[in-house]
Amino acid sequence: GPLLNAVGMVGCGCSTTVEELLAWRFVAGAGNAAYLGTAQLWLTDIATPETRSRIIGANHGALLAGISMGPAIGALVAEGTGDIRMPFYCVGVGVLGAGLQAARLPETRPPKLAARAVANGVTDANADSNTIASASASASANVTA
């Protein structure tokens, strides 16, 4: 997600026509959508039920702050450098750095739990141990019946 977003943002900065700009914004948007969904799942996995709303709320607040302040900061960067494309390059480099850091995040599901889920046909990334246990019991019942 972040890598696709970074490529899209740098592509926006390199665009010479409105059509190219729109195409690269589509690429950046696809990367952003992939990143946001993954981030939400990761935060859900690491949060306890008691802290989940606070953690996801803080993440969403930071996202909205970035969306709110980004255009103003981009305008200052463009004015300061004299290059209207510079904000796109800056965002691309920043998102690339975030993507490299995201690649270092640890897996949030215990390997045994994930392996058991896959073996029992559970494909939901947020399946808890009760869901996996019921899928396992159901699979065992089908085998013995």
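Predicted model: local features only at pLDDT ≥ 70, side-chain atom pairs only at ≥ 80, totals over all residues.

User: Start with the second largest pocket. Which helix gives the most to its lining?
Analyst: H2 does, with eight residues.

User: How much space is in there, the second largest pocket?
Analyst: About 400 Å³. Of the 18 residues that line the second largest pocket, Thr38, Ala39, Trp42, Ala102 and Leu105 are the closest to its centre. The elements that give two or more residues to that lining are H2 and H4.

User: How does the lining of the second largest pocket split by class?
Analyst: Twelve of its residues are nonpolar, four are polar and two are charged.

User: OK, now the largest pocket. What volume does it have?
Analyst: The volume of the largest pocket is about 1,000 Å³. It is lined by 31 residues, and those closest to the centre are Met9, Gly66, Ile67, Gly70 and Val91.

User: Which elements give two or more residues to the lining of the largest pocket?
Analyst: H1, H2, helix H3 (52-81) and helix H4 (86-102). H3 gives the most, with 13 residues.

User: And how many charged residues are in the lining of the largest pocket?
Analyst: One. The rest of that lining is 20 nonpolar and ten polar residues.

User: Switching to packing. At what angle do H1 and H2 pack?
Analyst: At about 160°, with the axes 7 Å apart. H1 covers residues 2-14 and H2 covers residues 18-46.

User: Which residues make the contact of H1 with H2?
Analyst: On the H1 side, they are Pro2, Leu4, Asn5, Val7, Gly8, Met9, Gly11, Cys12 and Cys14. H2 brings Glu20, Leu21, Trp24, Arg25, Val27, Ala28, Ala30, Gly31, Asn32 and Tyr35. By class, twelve residues in the contact of H1 with H2 are nonpolar, five polar and two charged.

User: What about H2 and H3, how do their axes cross?
Analyst: The axes of H2 and H3 cross at roughly 155° and come within 9 Å. The two helices are therefore roughly antiparallel to each other. H2 passes H3 in a right-handed crossing.

User: And which residues are in the contact of H2 with H3?
Analyst: Leu36, Gln40, Leu43 and Thr44 come from H2, while Arg52, Ile55, Ile56, Asn59 and Leu63 come from H3. Five residues of the contact of H2 with H3 are nonpolar, three are polar and one is charged.

User: Last pair. Where do H3 and H4 meet?
Analyst: Gly74, Val77, Ala78 and Thr81 of H3 meet Met86, Pro87 and Cys90 of H4. That contact has five nonpolar residues, two polar and no charged.

User: What is the geometry of the H3 and H4 axes?
Analyst: The axes of H3 and H4 come within 8 Å, crossing at roughly 120°. H3 and H4 are therefore oblique to each other.

Definitions and conventions
Residues numbered from 1 in each chain as written. Heavy atoms only, no water. Axes fitted to C-alpha atoms, helices over the stretch in contact; angles between N-to-C directions. Helix = DSSP H or I, 4+ residues; strand = E, 2+ residues; numbered from the N terminus. Contact = heavy atoms within 4.5 Å. Nonpolar A, V, L, I, M, F, W, Y, C, P; charged D, E, K, R; others polar. 1 Å grid on protein atoms, 1.4 Å probe; cavity = no way out; pocket = protein on both sides within 12 Å on 5 of 7 lines; lining within 4 Å. Points joined across faces, edges and corners; volume = space filled by probe spheres on them. Parallel < 35°, antiparallel > 145°, perpendicular 65-115°, else oblique. Left-handed = near helix turned anticlockwise from the far one by under 90°.
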